[in-house]
Amino acid sequence: MVVLCLPDGVSSPRPQVVVVSTAEHWLSLKSLLQNGSGIRPQCTFTSLGSKQICELTVEHHSLRLHYAEPKQDTSEENIAQEIDGCFRSCKDGSCVFLLLIEGGFYSKRERRMIEILQAHFGAEALKFLVVLSLENLIVADTLDDSLMELINTCDGRYCRVSAVGAGEGLRPLFEMVDLTLVEHGGAGYSDAMLAEAKNRSTENSSMMILKQKVQEAEEKGQAFEQLVKFQEDRRAREMEALRVKHAEERKHEIAERKKHESKRESLEEAVVSHKAMLQRQMSEGTFLIINIHIFN
């Protein structure tokens, strides 16, 4: 077995690499390794169900690549399970992650896989990520901003390999994997890191659920306050409408009362006037009768 020698006398078995890739890119890598020109790397592929392992050696450097063929169901859960299955198959539960892209293009599918990797393994996983661009036919003139951001997050761990001189082209990959392990004391991404990431995810989920409940309670409280305000405003409008109605009715009653009083007063005046007229007529009649008696 090829052994990686580390500082202070620490040693580690052949580095374990979990490949994060589409089926097309994995096939491109296999073709490049097996059919490339120039110095070819030594590679042996074995399969166990949907999982594939590639024992890769260039000169005195070796890697063991773990890859799981994607299922037809490309849901986040299935992709996470495939990556997790590869990680579980690594000896000692320690690995480095390898993202395969093609021609320097960082597609939506690869961005989604990295998002799933972070969601399942935590942001710490990017400290153990190397990006490998397979350059066969079409190659991007410039790297897009999203890929540059990922490379910066990975501390510049980006390398390229083509079918011409694949063995030589893979040296930077081996060096980056070795350097990543050296920087972390000879250990890759571990079970302990995954457990911590899951704990954080559980805590985050619990916190999110709690925040969601708080938000729902606040929304219900706001809705209740809005309902109370609406009802109070409605009652106020109803009271105002009732007050106006009563005022109109009172005004109408006063007007009717004045009308009746005026009519009554007019009738009383008419009665008094008619009575006075009758009294005059009676007085004039009595006077006429007296005069007639006198002249007779």
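Visitor: Is F45 buried, partly exposed or exposed, and at what relative accessibility?
Guide: Keep in mind that this is a predicted model. Buried means under 20% relative accessible area and exposed means over 50%, with partly exposed in between. F45 therefore counts as partly exposed, at a relative accessibility of 22%.

Visitor: What kind of aromatic pair do W26 and F45 make?
Guide: The ring centres are 6.0 Å apart, and the planes sit at 80 degrees. Planes over 60 degrees apart get their own label, so this pair is edge-to-face.

Visitor: How many residues apart are W26 and F45?
Guide: W26 belongs to helix α1 (residues 23-35), while F45 is in strand β4 (residues 42-48). Their pair links distant parts of the chain, and the gap is 19 residues.

Visitor: Which residue lies over the face of F45?
Guide: A charge counts as over a ring if, for Lys, its NZ is within 6 Å of the ring centre and within 35 degrees of the ring normal. Here the distance from the ring centre is 5.0 Å, and the residue is K30.

Visitor: Are F121 and Y189 buried or exposed, and at what values?
Guide: The cut-off for buried is under 20%. F121 is at 1% relative accessibility, so F121 counts as buried. Y189 also counts as buried, because its relative accessibility is 0%.

Visitor: Which residues form one aromatic cluster?
Guide: Helix α2 (residues 76-89) has 14 residues, and F87 is among its buried ones. F87 is also a member of the cluster.

Visitor: Which loop holds D155, and what is its relative accessible area?
Guide: D155 has a positive phi too, near 60 degrees. It lies in the loop between α4 and β9 (158-162). D155 is exposed, because its relative accessible area is 58%.

Visitor: What accessible area do F105, L137 and I138 have together?
Guide: I138 is in the loop between β8 (129-135) and α4 (145-153). At 65% relative accessibility, I138 counts as exposed. With F105 and L137, I138 forms a nonpolar patch on the surface, and together they have an accessible area of about 390 Å².

Conventions: Residues numbered from 1 in each chain as written. Predicted model: local features only at pLDDT ≥ 70, side-chain atom pairs only at ≥ 80, totals over all residues. Heavy atoms only, no water. Helix = DSSP H or I, 4+ residues; strand = E, 2+ residues; numbered from the N terminus. Expected span 1.5 Å × (residues − 1). Buried < 20%, exposed > 50% of the residue type's maximum accessible area, 1.4 Å probe, protein only. Patch = residues over 30% accessible without salt bridge, like charges linked within 9 Å, V, L, I, M, F, W, Y side chains within 5 Å. Areas by Shrake-Rupley, 256 points an atom, 1.4 Å probe, with all protein chains shown as cover. Salt bridge = Lys/Arg side-chain N within 4 Å of Asp/Glu carboxyl O. Phe/Tyr/Trp six-rings, centres within 6.5 Å; stacked < 30°, edge-to-face > 60°.
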